Amino acid sequence: MAHVSLKNVRKSFGATDVIKGVDIEVEDGEFVVFVGPSGCGKSTLLRMIAGLEDITSGTLEIDGKVVNEVPPKERGIAMVFQSYAIFPHMSVRENVAFGLTIDGTPRAEKQRKVQEAARILQMEHLLDRRPSQLSGGQRQRVAIGRAIVRDPKVFLFDEPLSNLDAALRMDMRMEIGKLHQSLDASMIYVTHDQVEAMTLADKIVVLKDGQVMQVGSPMELYHNPANLFVAGFLGAPSMNFIEVQTRDADADAGTAQVANAALEPIRVATAGRPIRAGGNAVLGLRPQYLRPSATPEAGMLHGTVELTERLGAETVVEVALRDGSRVIAALGEDRVLDRGTEIGLEFDPARAHLFPAE
């Protein structure tokens, strides 16, 4: 295990700044996930930690030691790549042991470490196969096994599940979670999949355009997003955003009354955000917190069903509101709602989020 600290870390390619002053702390044994859309800089940041990209400015510390100029092999890290990066002409056993072979590890110790990694990953029966005889999930286990045998201070994962199909991705996600529990190692994991971030992380770092938008536990970010970007990025289906007008704002009570053409006037918490009375704001509503009212006119929101997706455990409904906007409701039951059906939706104002329009 090791503590990883990034202090005002920046990365530029010529005149283009891609990492713009990032401060992140990864505690001993913590599972930290970097998440964000493509091009936000999360993989570049991971490669800087690994030593595969130079740091333009700032400080990177691993286990209390500044490693800006330390070669990758001396940083005490092991990296699992998106593309597996295993050698097709070698057996699984030889692939897993490759780093140890290069380091000149004694044969007996090398065999012991390979067997232990195979046991942890439940692939003892695969050790004598070639990569061409393995499935995608099995190849990913080989790549993870190669990292385990090095006994690194920090594991780095660069979108390791993106090449797998949906069912296998879920299985491997659970395996990586179990691996973290069994090894109790510091892990940094990069993904654009917010489901992976929510299910795996002790701490999530949300990135956008090379900057940190928010850092916190999965449920902290889910329930208390710092801004519209974080609110819309985390959660599936994504949070609904409705443009509203503020009729008044009580700074002392931390509430504001909002309404629009499709929304009954309600009072919601401002969560310390600068909401102005008589101005525009954005109301955020999680689809899971919307429920149909007894009658179309009885709800807080009023609209017409546009699309229904029946998923068995829940029904996802797209509703066109009377002001022309659309919202998604995830109803926790199997319902049949025909297109064009008038519907009212209710929600608990305490679960709503209010953001400044700007």
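Lys 7 has a relative accessible area of 38% and is partly exposed. Here buried means under 20% relative accessible area, exposed means over 50%, and partly exposed lies in between (1.4 Å probe, protein chains only). The model is predicted: local features need pLDDT of at least 70, side-chain atom pairs count only at pLDDT 80 or more, and totals for chains, interfaces and linings use all residues. Residues are numbered from 1 along each chain as its sequence is written, and side-chain values use heavy atoms, with hydrogens and water left out.

## Salt bridges

The side chain of Lys 7 meets that of Glu 61 in a salt bridge, at 3.6 Å from N to O. A salt bridge is a side-chain nitrogen of Lys or Arg within 4 Å of a carboxyl oxygen of Asp or Glu. Lys 7 belongs to strand E1 (residues 4–13) and Glu 61 to strand E4 (residues 57–62), so the pair ties together parts that are 54 residues apart in sequence. Helices (H or I, at least four residues) and strands (E, at least two) are DSSP runs, numbered from the N terminus. Glu 61 counts as buried, at 19% relative accessibility.

The structure holds 18 salt bridges.

| Pair | Distance |
|---|---|
| Lys 7 and Glu 61 | 3.6 Å |
| Glu 116 and Arg 119 | 2.6 Å |
| Arg 326 and Glu 306 | 3.1 Å |

Glu 116 and Arg 119 are three residues apart in helix H4, and about one helical turn separates them. An α-helix has 3.6 residues a turn, so residues three or four places apart point the same way. Glu 116 is partly exposed, with a relative accessible area of 35%, and Arg 119 is partly exposed at 45%.

Arg 326 forms a salt bridge with Glu 306. Arg 326 is in strand E18 (residues 326–331) and Glu 306 is in strand E16, so this pair ties together parts that are 20 residues apart in sequence. Arg 326 is partly exposed at 44% relative accessibility, and Glu 306 is partly exposed at 23%. Both belong to a network of salt bridges that links Glu 306, Glu 318, Arg 326 and Arg 339.

## Helix H5

Helix H5 (residues 136–148) has 13 residues. From its first C-alpha to its last, H5 reaches 19 Å, close to the 18 Å expected at 1.5 Å a residue. The expected span is 1.5 Å times one less than the number of residues.

How many of the 13 residues of H5 are buried? The number is 10, so H5 is largely enclosed by the rest of the structure. Among the buried residues are Gly 137, Gln 140, Val 142 and Ile 148. Their cover includes strand E6 (77–80), helix H2 (92–96), helix H4 (107–120), strand E7 (154–158) and helix H6 (166–183).

Arg 146 is placed in helix H5. Arg 146 is buried, with a relative accessible area of 14%. Leaving aside neighbours within four places in sequence, Arg 146 is in contact (heavy atoms within 4.5 Å) with Tyr 84, Ala 85, Ile 86, Asn 95 and Val 96.

## The loop at Ser 293

Ser 293 is found in the loop between strand E15 (291–292) and strand E16 (301–310). Is Ser 293 buried or exposed? At 12% relative accessibility, Ser 293 counts as buried. A polar atom of the Ser 293 side chain lies 2.6 Å from the backbone oxygen of Thr 295. Leaving aside neighbours within four places in sequence, Ser 293 is in contact with Ala 298, Gly 299, Gly 344, Leu 345 and Glu 346.

## The two domains

The domain assignment of the protein chain gives domain 1 (4–233) and domain 2 (240–356); such bounds come from an automatic or database domain assignment. The contact takes nine residues from domain 1 and nine residues from domain 2. The domain centres, taken over C-alpha atoms, are separated by 38 Å.

Between them, domain 1 and domain 2 bury about 750 Å², 56% of it on carbon and sulfur atoms. Buried area is the accessible area (1.4 Å probe) that two parts lose on being put together, summed over both. On the side of domain 1 that touches domain 2, the elements giving two or more residues are helix H8 (218–223) and helix H9 (228–233).

Conventions: Polar contact = N/O pair within 3.5 Å; in protein donor to acceptor, adjacent residues only side chain to side chain.
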